[in-house]
Amino acid sequence: MSQKEASTLLLFGAKGNLARVKLFPGLFKLELAEKLHPDMRIISVGRQEESHEEWIANVKSMILAKHKDTDQFLLDRFLQRNIYHANLPDDPEAFNKLSLRVKAENFSQNLAFFLSVRPSDFASIVDQLADAGMLDETNHWKRVLIEKPFGVDSQTAQELQDSISKHLNESQIYRIDHYLGKFALQNILFTRFYNTFLEPIWNNKYIDHIQVTNHETLGVGDRTTFYNATGALRDMMQSHILQTLTLTTMEKPKSFSPEDIRAEKIKLLSQIQQVPMDKFEQHVFRAQYTSGEVVKEGKVKGYIEELGEPSIVETYAAVKFFINNDRWKNTPIYLRTAKRLHENATYISIKLKPQNISAHEVSENWIIISIQPSESIHIEMKTKVPGLDDTKTRNIQLQGGIRHKDDETIDSYETLLLDLIEGNQSRFLHIDEVKAQWHLIDPIIEKWKDENIPVHQYTAGSKDPEASKIIFENEDQFWRSGINIVE
Ligand SMILES: NC(=O)c1ccc[n+]([C@@H]2O[C@H](COP(=O)([O-])OP(=O)(O)OC[C@H]3O[C@@H](n4cnc5c(N)ncnc54)[C@H](OP(=O)(O)O)[C@@H]3O)[C@@H](O)[C@H]2O)c1
């Protein structure tokens, strides 16, 4: 069903990589799914002149690169929604001209701005939109989607917030963490709260610890400059991994409305305790990859070789947190992320507390929720081995791929673009979430400036560095490897 009201999407950075790879193919998927209002229009805003014909040919090639033999009627209908507008950087009237054009073309004045530009341009574009009167909601809604990252620490996040909140209410700001658009992440709440047997054990009485893992076999590739200014902690842990943890551990929201879900997420994030500085090395571990061999790529260079200069920036980060509430008090939470490890996988591993069956035997129960590459749930249980020997047991695995063969595959950006147009903020970050996340990450980055904190090394393609185990609370704990379900 298409949307109830028409709107106009203004895409800043329409010639960039994200627009080409994700946004135009994603918008076209919404067209195919009949999700776009008949009068919805897309204005691509760029900084160079370009003819309408050139731009339409450009959009067409972006669509056909992902949707080869597509329906010609729907492709034409989609292309007709599109126009290009040059907002020339040296023209002081540029934003007024843009505003006049939207009115002159008789497009809907419900305006959704997608800022797919460099983070340093977010604030100035919002200022200029406001000066041109394009954010005034008197008669129609106005929404602004801000790409990631929202700041690089608490201070810069606050500065950006101070700047854009001069012109926008919280209900108008859509801060992206594209992980929240992933189906498997959305499914965490459903899995937890729709299955009666999980909720009673989802607490510190039955759960020994939780691990959230995001490992990649990929290295930093040609993004060395970006990566060396960012590191694993800021790139992955500050938002994606903390958000995954939040969905795994938050309380049940009063309802599944966007407001109620966000309220519980904010509460949980504010209950995660900062790493204690006096026990820093038992909570935080960092490392860098050296040359080695990884699946598919074979022999690869080390991080420093790729960068071409010395660096203490981490490509592996592991952190232990505790959540200060009744449900999770004293339950260690281990988060880890790395480039160039042995596996390419994102998953949540939940270790249940052991039951002492006999003096020499304890149970080993794990629940693993796999986010990618497989979307699946895996439960490990202990059973008796058939036969006369009552002492013999083994672990069995109950596993279910969530996705069936014919199920739709939806990219995060399709979900998030639709949410933006429909006004659903539940899969976007509230400023309080962003602040709570930086509050946890800032002290670690600050402490890492101290040259006495070691930067360990690991061979590309290997498992977690042995020394990372220092953050475990006891000797029985270990890094749980992922599962691989063929769907
Ligand atoms: N690419 C990804 O997969 C990815 C993933 C996650 C997040 N992001 C985020 O998404 C944003 C865009 O990334 P990207 O990779 O697409 O960057 P990109 O390839 O550098 O593209 C940015 C585009 O923005 C344009 N631009 C800059 N200022 C503008 C303005 N004032 N008005 C209109 N256009 C303007 C640039 O135009 P010129 O050609 O004139 O400079 C360029 O075409 C960034 O914030 C990034 O952090 C990207």
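The following questions and answers concern a predicted model.

Biologist: How are residues numbered, and which pLDDT limits and atoms apply?
Modeller: Residues are numbered from 1 along each chain as its sequence is written, and side-chain values use heavy atoms, with hydrogens and water left out. In this predicted model, totals for chains, interfaces and linings use all residues, side-chain atom pairs count only at pLDDT 80 or more, and local features need pLDDT of at least 70.

Biologist: What is the distance between the centres of domain 1 and domain 2?
Modeller: The chain is divided into domain 1 (8-147) and domain 2 (180-410 + 431-471), with bounds from an automatic or database domain assignment. Taken over C-alpha atoms, the separation of their centres is 36 Å.

Biologist: How much of the ligand's area does the protein bury?
Modeller: An oxygen atom of the ligand lies 2.6 Å from a polar backbone atom of Val 117, and a ligand nitrogen is 3.4 Å from a side-chain N or O atom of Asp 121. Accessible areas come from the Shrake-Rupley method with a 1.4 Å probe. Alone, the ligand exposes 890 Å², of which the protein buries 70%.

Biologist: Is Asn 203 buried or exposed?
Modeller: Asn 203 sits in the loop between helix H7 (183-194) and strand S7 (207-215). Leaving aside neighbours within four places in sequence, Asn 203 is in contact (heavy atoms within 4.5 Å) with Arg 327 and Trp 328. Buried means under 20% relative accessible area, exposed over 50%, and partly exposed in between, with a 1.4 Å probe and protein chains only. Asn 203 has a relative accessible area of 17%, so it is buried.

Biologist: Which backbone oxygen lies 3.0 Å from a polar atom of the side chain of Asn 203?
Modeller: The side chain of Asn 203 supplies the polar atom of this pair. At 3.0 Å from that atom is the backbone oxygen of Pro 200.

Key. Polar contact = N/O pair within 3.5 Å; in protein donor to acceptor, adjacent residues only side chain to side chain. Helix = DSSP H or I, 4+ residues; strand = E, 2+ residues; numbered from the N terminus.
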